[in-house]
Every structure is written in C-alpha cells, then in structure tokens.
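These are my notebook entries on one structure.

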Amino acid sequence: MQPTRLILTAASLVVLLLIAGMAGATPADGEKTVTVTDDSGKTVLIRGESQRIVSLAPSNTEILYALGLEDRIVAVTERCDYPPATADKPKVGGFSTVNIEKVVAMEPDLIFAAPANTDEVIDRLRSLGMTVVILDTQTIDGVLHDIELAGRATGQEEEASTLIEGLGARIEAVAGKVDGRQAGSPSVAHVIWHDPLWVSGKGTFQDEVITLAGGTNAFGAFDDWSIVSLEEFITVNPDYILVSSGSGMDRDGYDAIYNYIVNEPRLQRLDAVKSGRIYVIDADVVSRGSPRIVDALEEVADYLQPGATREETPAAAGTVQSPGFGVIALAGALFIIFLLRTKR
C-alpha cells in the first residue's frame, strides 16, 4: 500500500510545517501577510486576514467549509451545492462560466479559483487587483495539500492541521484493513455513464479510491475516463461494479446507470450482476477533490471488505427512486466527462 504511506507522510509534513510557523509574517506596520504558492505554481501575497472570500469551484467550497470559513464566504458558483448551506450563498455564475461582474460586486479580498474557470477569467480578475489562489487537486494526497494551502491562505492553520490529521487517521484505518486482507485484489469497475459505457481509468480519483480500498481497477489499463464496448465490459467481467448516482453527475433521484446494468439482458452473465455486487456511489463524493473523497474511500472499502470501517455491512444500493429520466444523447455523455475533468 505505498500510496497510503505517501499520503500519511505528506500529512505529517504539513503538521511539521505548521508547527514551524510557516503560516505568515507580520511586517512593521502590524498587518499580517502570508505568501503561498498555489497549484498553478504562482506565488500569491495575501495581506491581512481575508473576510470576504469567493469560491469558484465546488471542491474549493467544500474545503473552505470544512475549515470553518462559512461566515467569511460571500459567494460561490451555481455548481457549489455542498454542504447544503451553500444554497443560501449568492451565486456568481457557473463553474466554467463565471460572471466577472458579479464576482467584483461581492468585493472579495480573496478568491479561490480552479483551472476550469479559464485563464481568461482568472487573468481578468487579477488584472482588476483581485487576489486569486488556484487549487487544482488531482489526488487524495493533493486534497491534503490543498487543505493545508487553504488553511495558510485564510489564517485557519490550526483547523487545517486538525482536519488533515483526522483524514489521515481514517486513511490509515482503511490501509490497516487492506494490508490484512487475503491475497488477491478483487477487480472493480467504476461506470460514470452507460450510453455508451464510460469507465474510470488510471489517473482518476476513482482509480485511486479503488486501489487504496484494496481493489484492482478492472480498466486500469485505460487513461482517464474512456469509452468501452459492451463486449469489452463483458469480457473483463469485474468482480464488483461501482456506478455513479443519478445521471452520473447529479442527484436526479433516478439511478440511470444502475438501472441500465441490472436490466440489460446482455449483462446478466456478469459475476457482479449475478451476485448483486453492484453499488451506487454518490457522483460528487467520488469525483470532487474535497475531504469527502475519504468518505468515498471508506465506502468502497466496506463494499470490498464488509465491516472495514463500519459495524454493519452496507447493502447493495439499487432502488430506482423515481421514474421518468430520459436517456441522454452522446453529446450529453461527453458533457459529463467535461464536468468530471473540471469539477475537481
């Protein structure tokens, strides 16, 4: 389980850095400043303790809320839907369609952005004198790093340290169960859409979650998210199948992918279908670079190793909650992939 050791080492390093007092300095005029290097490699100087924060990505928003910054967040995007309290925050456009005028109107003293906001938007905000920090989390280790980064940028170093330690302990608990399992990792497929079949390959959060939870990605030979034919899927015959909830990206109340897999006649020969090892996992939880990615890790670990992190074995999900979801076209499926690539 080398990836887990790397994660825990990174978490320990963060704590040591915080103890060493790298949170910032106080110049002669008494105003506290902090210099951070964001995920784009840009050095950003932050003056004072920011009181008006705008978040331009769902994963950023989840990190900021987890750091206890709810009262200092003045606006988010329309895609920022967790925690539920975000519903009451003013919106400044979509994730990839940020309304610059609305952002400026919020008079932010700190903006947390993401590459998907586009260089044009980010450069424009900076040209207007806005302080912008880019978070671009790609791995679970990166989530811990960005928690530390956001904590230093906002003066929440202690909260960041506590959060990182807690997440690290939970990751370590899963690793302990995985290290003690019997030889042989079950093969696991994660399906994000069914028409055509889109699966998660290497280089994705889903691949990392499967591996750390003690499984082997059945489609780990593929890069990123890829289309596979029905014949390929049947040939691979994964031991477990994870499917994203709703329409693959949203909470639509109807688990379209699950419904397809359990009802498609040609898939009835699969071992996972015959044994009922098909599990619906929240699309946002398993896709966003936020603290909830550890929730996804624990959930998948419990599917592969019942009781790994919970006292009771989770039952296979799959109740179709409400009818009426229309099958989207290929263009819609491609849009899902676009959102997956950008929403982190």
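**Entry 1: salt bridges**

I start with the rule: a salt bridge is a side-chain nitrogen of Lys or Arg within 4 Å of a carboxyl oxygen of Asp or Glu. In general, side chains of opposite charge can pair when their charged atoms come close. I note that this is a predicted model, in which local features need pLDDT of at least 70 and side-chain atom pairs count only at pLDDT 80 or more, while totals for chains, interfaces and linings use all residues. Residues are numbered from 1 along each chain as its sequence is written, and side-chain values use heavy atoms, with hydrogens and water left out.

Which residues are linked in a network of salt bridges? I found E62, D81, D284, R288 and R292 in it. By the rule above, I get a count of 12 salt bridges.

For elements I use DSSP runs numbered from the N terminus: helices are H or I with at least four residues, and strands are E with at least two. For accessibility, buried means under 20% relative accessible area, exposed over 50%, and partly exposed in between (1.4 Å probe, protein chains only).

I looked up R126 and D38, whose closest N and O atoms are 3.4 Å apart in a salt bridge. R126 sits in helix 4 (residues 119–127) and D38 in the loop between strand 1 (33–37) and strand 2 (43–47), so this pair links distant parts of the chain, 88 residues apart. R126 counts as partly exposed because its relative accessibility is 22%. D38, at 4%, counts as buried.

I then took E148 and R152, which form a salt bridge at 2.5 Å, N to O. Both belong to helix 5 (residues 140–154) and lie 4 residues apart, about one turn of the helix. Are they buried or exposed? E148 is buried at 5% relative accessibility, and R152 is buried at 14%.

R170 is in helix 6 (residues 157–179) and D295 in helix 11 (residues 293–304), so the pair ties together parts 125 residues apart in sequence. R170 is partly exposed at 27%, and D295 is partly exposed at 31%.

**Entry 2: the sheet**

Two strands pair if DSSP finds at least two bridges between them. I found an open sheet of 4 strands in the order 4-3-5-6, with parallel pairing. Its edge strands are strand 4 (73–75) and strand 6 (132–134), each pairing on one side only. I noted an average twist of 30° from one strand to the next; axes are lines fitted to C-alpha atoms, for helices over the stretch in contact, and angles run from 0 to 180 degrees between N-to-C directions. Strand 5 (residues 110–113) pairs with strand 6 over 3 bridges, in the parallel sense. F112 stands opposite V133 in strand 6.

Helix 4 packs on the sheet and touches strand 5 and strand 6, its direction making about 150° with that of strand 6. Contact here means heavy atoms within 4.5 Å. Helix 5 lies across strand 3 (53–55), strand 5 and strand 6, and runs at about 170° to strand 5.

**Entry 3: L67**

Where does L67 lie? I placed L67 in the loop between helix 2 (58–66) and strand 4. L67 counts as buried because its relative accessibility is 1%. Leaving aside neighbours within four places in sequence, I list its contacts as I147, A150, G151, Q156, E159, A160 and L163.
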